[in-house]
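The following exercises ask you to work through a structure one step at a time. Please look over the sequence and the model before you read each solution.

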Amino acid sequence: MLAFDSVCRRFKDGTVAVKDVSLNIPQGEFCVLLGPSGAGKSTLMNMINGVVEPTSGKVHFDGEPITRSNLRQFQRHVGMIHQQLHLIPRLSVLHNVLSGLLPDKSLLRSLLKSFPKEDQLKAFELLNEVGLEQKHLMRRASELSGGQQQRVAIARAFVSSPKVVLADEPVASLDPAMSRSVLNSLKAAAKHHGATVVCTLHQLDYALEFADRIVALRAGEVFFDGSPAELDNQTQRAIYAFTQTEGQEKSELALEEVAA
Ligand code: ADP
């Protein structure tokens, strides 16, 4: 469904964020990208929605290479969930969800646009599905708790029936109980709608609990690719032993440990 074919990304300042990554992500998979800050998770994810272009290699969507000229056609099939939510605080919960149907999500357009009944019904159903009670529908998004707002963001990401949902650190600002509940809702919605999810997480334990597949990056390269059951303790430690600020030495020690 999604295929990265030897993709690399070098930024103008010379930083090589992604190095020769090849991955196939089938339809319906819940794929978690793990790795320390700076490992290249966001850069890789942003190649799927065209925010970042590979400097070499190709990303394929349903068998077709994503190019500048056909990017918009693919973007219609991608839903986004951000760490900072990007909800429109003054708009109602319902309108925030419906704004996921607009290519241009400006406040004015969201306010002026009247949505057909079927779209409104779909938004109701999605909000119900992610566990937000009906009484919240007309409340302003800014009046909700962090967990409730993240549920609105999930419903918004699914309202356009996307084939792929990209979730960038979706639970970074939530407490553990709320994080699990929100990840449960995200996973259930993805399964129900048959969507592929690519999700970056910092928390290894959530990755182990929710992922169908974990791809761990280390300095822009795939360091581990497999199911949570295949990710043994030593490899888990090695993923986080490397950070750009701590330097490579520590990581190499951990890698030697894995190899031994
Ligand atoms: P992660 O999401 O794993 O934290 P990123 O993909 O954000 O990692 O970043 C990978 C590397 O690329 C880091 O060294 C980061 O500083 C660098 N980087 C990301 N975006 C840019 C950019 N626009 N210009 C230059 N360097 C960048």
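In what follows, Ala, Val, Leu, Ile, Met, Phe, Trp, Tyr, Cys and Pro count as nonpolar, Asp, Glu, Lys and Arg count as charged, and the others, Gly among them, count as polar.

**Exercise 1.** Decide where the coordinates of this predicted model should not be read in detail.

Solution. Begin with the chain as a whole, which averages a pLDDT of 88, with 88% of the residues scoring at least 70. Then turn to residues 244-252, where the pLDDT is below 50, although this stretch has ten contacts in the model beyond near neighbours in sequence. Where pLDDT is low, predicted coordinates should not be read in detail.

**Exercise 2.** Describe the second largest pocket and its lining.

Solution. Start with the volume, which is about 260 Å³. Next, take the 21 lining residues, of which Ser37, Gly38, Ala39, Gly40 and Lys41 are the closest to the centre of the pocket. Two elements, β2 (16-25) and α1 (41-46), each give two or more residues to this lining, and α1 gives the most, with four residues.

**Exercise 3.** Find the residues that come nearest to the ligand, and examine the atom pairs they form with ligand oxygen atoms.

Solution. Of the 13 residues around the ligand, those that come nearest are Gly38, Gly40, Lys41, Ser42 and Thr43. For Gly38, a backbone N or O atom lies 2.7 Å from an oxygen atom of the ligand, and for Gly40 the corresponding distance from a backbone N or O atom to a ligand oxygen atom is 3.0 Å. Lys41 instead uses its side chain, in which an N or O atom is 2.8 Å from an oxygen atom of the ligand.

Terms used. Residues are numbered from 1 along each chain as its sequence is written. This is a predicted model: local features need pLDDT of at least 70, side-chain atom pairs count only at pLDDT 80 or more; totals for chains, interfaces and linings use all residues. Side-chain values use heavy atoms; hydrogens and water are left out. pLDDT is the predictor's confidence in each residue, from 0 to 100. Contact means heavy atoms within 4.5 Å. On a 1 Å grid over the protein atoms alone, a cavity is a set of points where a 1.4 Å probe fits but cannot get out, and a pocket is an open set with protein on both sides within 12 Å along at least five of seven lines; lining residues have an atom within 4 Å of a point. Grid points are joined across faces, edges and corners, and a volume is the space filled by probe spheres set on the points. A residue is near a molecule or strand if one of its heavy atoms lies within 4 Å of it. A polar contact is a pair of N or O atoms within 3.5 Å; within protein, one must be able to donate a hydrogen and the other to accept it, and residues adjacent in sequence count only if both atoms are side-chain atoms.
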